[in-house]
Amino acid sequence: MNTTSINENHQPRRHMRLWEGVIGAALLALVAIGLGGCASRYDQSPDTMMIEQAFFTCSKCGSLRGGVFGKGPTKRFQAATASRCVHDWQQVSKGEFQALASERFGVDWSKEIPYWSGQAVTR
Ligand SMILES: [Zn+2]
């Protein structure tokens, strides 16, 4: 009897496929990061990581952002050049923020909610 049993425990090339998947995913991630990075470089919000009352003005374009970040209320006023500005946010007081908004953007704070119109107790 001719017993040439071919008993190859043939392992499919799994590891190759895995690598292709990993490389593909890595490339996609890089592209996503690249696109996101480019898109978000301009017109960035001030770096406030947690709920925090803070007020900022950009020393370059004059945009304003302030309020209670992460919770609200917040206000943002965009200068004409804001979308092309890599903002340089300077922290200011609420009073300065409101004065700048009135001066630059013609804001009438008395028409706003109590938080802004000065009737609310804020620290
Ligand atoms: Zn700016």
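This is a predicted model: local features need pLDDT of at least 70, side-chain atom pairs count only at pLDDT 80 or more; totals for chains, interfaces and linings use all residues.

Me: Which residues of H2 are buried?

Reply: Phe97, Gln98 and Ala101 are the buried residues in H2. They lie on the same side of H2, because the arc they cover around the axis is only 95°. In general, an α-helix has 3.6 residues a turn, so residues three or four places apart point the same way.

Me: Which residues are exposed on the other side of H2?

Reply: Gly95 and Glu103 are exposed there.

Me: How many residues does H2 have, and what distance does H2 reach from its first C-alpha to its last?

Reply: H2 runs over residues 94-105 and has twelve residues. From first C-alpha to last, H2 reaches 16 Å, close to the 16 Å expected at 1.5 Å a residue. Just after H2, glycine 106 takes a positive phi of about 65°.

Me: In what order do the four strands stand in the sheet?

Reply: The sheet is open, its order is E3-E2-E1-E4, and the pairing is antiparallel. Strand E3 (74-77) and strand E4 (89-92) are the edge strands, each pairing on one side only. From one strand to the next, the twist averages 25°.

Me: Over how many bridges do E1 and E2 pair?

Reply: Strand E1 (residues 52-58) and strand E2 (residues 64-69) pair over six bridges, in the antiparallel sense. Within this pair, alanine 54 stands opposite glycine 67 in E2.

Me: Let us turn to a loop. Where does serine 83 lie, and is serine 83 buried or exposed?

Reply: Serine 83 lies in the loop between E3 and E4. To judge burial, one counts neighbouring C-beta atoms within 10 Å, and a residue with 12 or fewer is exposed. Serine 83 has 11 such neighbours and therefore counts as exposed.

Me: Which residues does serine 83 touch, not counting those up to four places away in sequence?

Reply: Serine 83 touches Tyr42 and Asp43. Serine 83 and tyrosine 42 are 41 residues apart in sequence, yet 6.2 Å apart in space, C-alpha to C-alpha.

Me: What pattern does the protein follow along the sequence?

Reply: The pattern is α-β-β-β-β-α-α, with three helices and four strands in the protein. Of the 123 residues, 13% are buried. Among contacts between residues at least 6 apart in sequence, 51% join residues at least 24 apart.

How values were computed: Residues are numbered from 1 along each chain as its sequence is written. Two strands pair if DSSP finds at least two bridges between them. Helices (H or I, at least four residues) and strands (E, at least two) are DSSP runs, numbered from the N terminus. Axes are lines fitted to C-alpha atoms, for helices over the stretch in contact, and angles run from 0 to 180 degrees between N-to-C directions. The expected span of a helix is 1.5 Å times one less than its number of residues. A residue is buried if 20 or more other C-beta atoms lie within 10 Å of its own, exposed if 12 or fewer, and partly exposed in between; C-beta atoms are placed from the backbone. The arc is that of the directions from the helix axis to the C-beta atoms. Two residues are in contact if their C-beta atoms, placed from the backbone, lie within 7 Å.
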